[in-house]
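The following note concerns the fold and the charge pairing of the model shown here. Please read each point alongside the coordinates.

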Amino acid sequence: MKLLGYILAAVTPVLIFFIYKLLNKRKRLRTFAQKFWDRQIKQNLNKIDLERFDKIPEPYNFMPELESLQTTIQVVSLSIELGLFEHLLEKPGITNKQIAEFMKFSQRPVNALIEVLLAAEVIKTHQNGYALTDRARFYLLKDSPFFQSLPPPRIGKRFLRIAKNDKVKGAVNKWKKGKSSAPIRWALKQHEFSFPLGFALYNLGIIEGKNILDVAGGTGAVCIALAQSNPALNLKMIELPQSVGIAKKIITQYGLNDKIECIGMDMFNNDWPKNNTTILFTNIFHDWDDNKCRILSKKAYDALLPGGKILIQEALLHDDKAGPLWTAHWSMVMALMMEGKQFRFSQLKDILETAGFKNVKAQPLLGYYSTVNGVKQN
């Protein structure tokens, strides 16, 4: 009994600490969610006098840039710890596959790591592979007199597991089964990205016709923006059944429940509404591998009327050079959280053309985002 008392005395403070952290985390989430719901009303759009703007102003980049710099520091620090830069010095021109073999990591996370190192000008293309830049020779080789030390990499179990076997658990696995994962948390975060993109998309003037289908529309952010911009549009969005309620709530708060139809379904396994003139995907393709993106492209082609358009909103990597760094950072996030990556325009063009789309092109949208569009010809 005395031993049990000692154990309880030792364990109880630790248990109280973890319960406090859990309760505090839940409180912060409730506060964040309440502030979100308070913002999402039509009156607040009127407060900023939205109608007087010809286009949405460019968003501030300081928070996204901070995130990308944090990712870059971790990627560079990990590469230093594993001796990658010394290896590149000895063997300039080594390929993605050879780097993965050296690091003992699976290929997809290594591809994302390389994108970050290229965008940060730590490595450069050389022959058929990669080599260190001159700046990296000076400042990132551990034996260099000019070496600039970095914080040690905070390598979590999740990173190591995915880096070694490329098996991603969590939200994307539930989505594949037609189930939502932490729908409120995902919805509130994605709304921040998607809502301004919807207004910017309308301002481009490239939406075809009036029958619009938003695939995996999340909170309905893009549809809300389009309905605010043009009440004559016939808007439908499909989303997983457990997430549709969140979209309906926000749509109601904007007074648009008679303008936007929400349909609960699994976009991979259910039939989409037909006879659409435009089909939208906003931050969807980057979640999935190329094969699943081809499936989505083909389903979009089949659900469009002749002359209809597909519009894909994504942050694109450059085709002709490295970066942008923020987009490379998101490719690393996709490698660790999802099954996909950030695309180059040439990659999305190939996917859309394979599905049958013609006249595929990319146009700048807002911030780091572009819209890639193609036409189903008559």
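1. A salt bridge is taken here as a side-chain nitrogen of Lys or Arg within 4 Å of a carboxyl oxygen of Asp or Glu. By this criterion K298 pairs with D302, with 2.9 Å between the closest N and O atoms. The two residues are four positions apart in helix α13 (residues 290-303), so about one helical turn separates them.

2. The model is predicted: local features need pLDDT of at least 70 and side-chain atom pairs count only at pLDDT 80 or more, whereas totals for chains, interfaces and linings use all residues. Residues are numbered from 1 along each chain as its sequence is written, and side-chain values use heavy atoms, with hydrogens and water left out.

3. Ten salt bridges are present in the structure. One of them joins D166 to R108, the closest N and O atoms being 3.1 Å apart. This pair links distant parts of the chain, 58 residues apart: D166 lies in the loop between α8 (157-165) and α9 (171-176), and R108 in helix α6 (residues 107-119).

4. Accessibility is classed by relative accessible area: buried is under 20%, exposed over 50%, and partly exposed in between (1.4 Å probe, protein chains only). R108 is buried at 19%, while D166 is partly exposed at 28%. K298, at 40%, is partly exposed, as is D302 at 39%.

5. Another salt bridge connects D49 and R52, whose closest N and O atoms are 3.4 Å apart. D49 is partly exposed at 37%, and R52 is exposed at 57%.

6. Of the 378 residues of the protein, 48% count as buried.
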